[in-house]
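Let's take a walk through this structure, with the sequence and the 3D view side by side. Keep both open while you read.

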Amino acid sequence: MENKRCFENRYVDYTGALLSGQGNEAIVPIVIASIEKIMKKVPVDSSECDGGLYDGPAGVAYMLYYVSECPLFSKQRDTYLKNAKQIIDVSVKYVDREQDKNLRVAFLLGGAGIYAVATMVYKAMGFSDFVKPLTKFRNLWEVCAPISFLECGSDELFVGRTGYLCAALLLKQRGTIAFCALSSHCVCVSVCARLCVPVFVCPCAYMCPFAGAAHGLSSILQMLLSYQEVLSAGEKELVWQSVDFLMNQEQSCNWPAELGSIIQRENELVHWCHGAPGVAYLFAKAYLVNKRPQYLDTCIRSGELVWQKGLLKKGRGICHGVAGSAYVFLLLYRLTGNSKYIYRAGCSFIDVLHRTCVLMYPLFEGLSGTVCFLVDLLHPDKSEFPLFSVFV
Ligand SMILES: [Zn+2]
């Protein structure tokens, strides 16, 4: 049955050559021009700082930082970092004033992500006062350690503990934080405490009703696999059982948005936020940790689904748009070294270019995430979904 959410893929599959127009000389100017457009749109005062890294100005600061790290943009580096600092400083001030400490601890929608990105930007600029936002970030772990610190979503990525762990991982990746084993352990223990029996009996009764990366079980487990060193043997066992449970929820290369529900093919979601293009990161991480081929096979099947149905009608972004789905090809390239995946990512890039849509600047729903994707096409061996690496 035809899917209403995607275009039919009109590209021929890889036959041994990449697309013309997929090289640096084509992509670098597009990145520079896109950043100019974004800078005209993004507010640089505190009037519109809502949305955090997900759809606020702070996400633009991350994108500028990310581009500035790529040697192909060494000429633009200082300007991009200066702009990133200007934007993130305003967001830090805004979130410092936030009275609700639960909102301060949120990764993609609140303070934790903003403090983490401020730390990264300051460090890249050589400022020693990167310790200020870093200290604010560190102090937040106690807020999210209590088991039910939020009424809803205590464990998920956007506002819950998984997000906090994800932000700490970003800082660790950049050598900015040797995250205290005690605090990461306390946070992980709370997640594991909720990862208990009901999932195997009735997924609906589980701590989290969703399967996908944005709010669901897959990113929760992915983070726990990233913090194996602080888990007990019993907790690790529970995590691996849950990974296999989720693997068995696959329905023809995809996962339903809600655990336990049946996918209706004509309305199937093939998004990073809900569906295989996001769940694939969990199985990539599982494969990187224990090399069991079934995890890699699951990722590869996710990639096949994206190739069939990943050219989405909803837009260019990374949350539920083309670039977000296409990131799975870059992930598969890093896992397998097969150039077919760079070719497929390139087809998605062409598709992204031909979209005429209203310019939105945010990282997850707008052009900033697309810019990160284009930069990753320039160095696929270093590519990673923004703020969501499995290679740490
Ligand atoms: Zn989405």
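## Aromatic rings

Keep in mind that this is a predicted model. Start with the aromatic side chains: the count comes to 21 aromatic pairs. Take Phe385 and Phe388 as an example. Their ring centres are 5.9 Å apart and their planes meet at 75 degrees, so the pair is edge-to-face; the cut-off for that label is over 60 degrees. Phe385 is buried, and Phe388 is buried too.

That pair belongs to a wider group. Ring pairs tie Phe385 and Phe388 into a cluster with Tyr54, Phe158, Trp272, Tyr281, Tyr327, Phe364 and Phe373. If you colour those residues in your viewer, you can follow the cluster from ring to ring.

## Charges over rings

Arg334 lies over the face of Phe391, at 3.7 Å from the ring centre. Lys291 does likewise with Tyr287, at 5.0 Å from the centre of that ring.

Lys291 has a backbone story as well. Its phi is near 60 degrees, which is a positive value in a residue other than glycine. Lys291 is in the loop between H14 and helix H15 (293-309), and its relative accessible area of 49% makes it partly exposed. Cys253 is another non-glycine residue with a positive phi, near 75 degrees, and its place is in the loop between H13 and H14.

## Two cavities

Now for the empty space. Rolling a probe the size of a water molecule over the atoms shows where empty space is left. Here the structure holds two cavities of 30 Å³ or more. Which residues line the largest cavity? They are Tyr281, Tyr327, Leu330, Leu331, Ser383, Glu384, Phe385, Phe388, Val390 and Phe391. The volume of this largest cavity is about 50 Å³. Helix H16 (residues 322-336) gives the most to its lining, with three residues. By class, the lining of the largest cavity splits into eight nonpolar residues, one polar and one charged.

The second largest cavity has a volume of about 30 Å³. Cys166, Leu169, Leu170, Gln173, Leu387, Phe388, Ser389 and Val392 make up its lining. Six of the lining residues of the second largest cavity are nonpolar and two are polar, with no charged residues.

## The annotated binding site

The unreviewed UniProt entry places a "binding site" feature at Cys273, Cys319 and His320. They span 48 residues in sequence, yet no two of their C-alpha atoms are more than 6.2 Å apart, so they gather at one spot.

Is Cys273 buried or exposed? Cys273 is buried, with a relative accessible area of 7%. Its place is in the loop between helix H13 (233-247) and helix H14 (276-290).

## The annotated transmembrane stretch

The unreviewed UniProt entry also has a "transmembrane region" annotation, covering residues 103-122. In the model, the chain over residues 103-122 is 70% helix and 0% strand. The end C-alpha atoms of that stretch are 23 Å apart.

Lys132 lies in helix H7 (residues 131-139) and is exposed, with a relative accessible area of 54%.

## Two more stops

Thr162 is found in helix H9 (residues 161-173). Its relative accessible area is 0%, so Thr162 is buried. Thr162 and Cys144 are 18 residues apart in sequence, and their C-alpha atoms are 9.7 Å apart in space.

Pro71 sits in the loop between helix H3 (57-68) and helix H4 (77-96). Why does Pro71 count as exposed? Because its relative accessibility is 63%, and the cut-off for exposed is over 50%. The C-alpha atoms of Pro71 and Tyr281 are separated by 26 Å, and the two residues are 210 residues apart along the chain.

Note on methods:
Residues numbered from 1 in each chain as written. Predicted model: local features only at pLDDT ≥ 70, side-chain atom pairs only at ≥ 80, totals over all residues. Heavy atoms only, no water. Phe/Tyr/Trp six-rings, centres within 6.5 Å; stacked < 30°, edge-to-face > 60°. Buried < 20%, exposed > 50% of the residue type's maximum accessible area, 1.4 Å probe, protein only. Lys NZ or Arg CZ within 6 Å of the ring centre and 35° of its normal. 1 Å grid on protein atoms, 1.4 Å probe; cavity = no way out; pocket = protein on both sides within 12 Å on 5 of 7 lines; lining within 4 Å. Points joined across faces, edges and corners; volume = space filled by probe spheres on them. Helix = DSSP H or I, 4+ residues; strand = E, 2+ residues; numbered from the N terminus. Nonpolar A, V, L, I, M, F, W, Y, C, P; charged D, E, K, R; others polar. UniProt positions renumbered as here; feature names shortened; annotations may be inferred.
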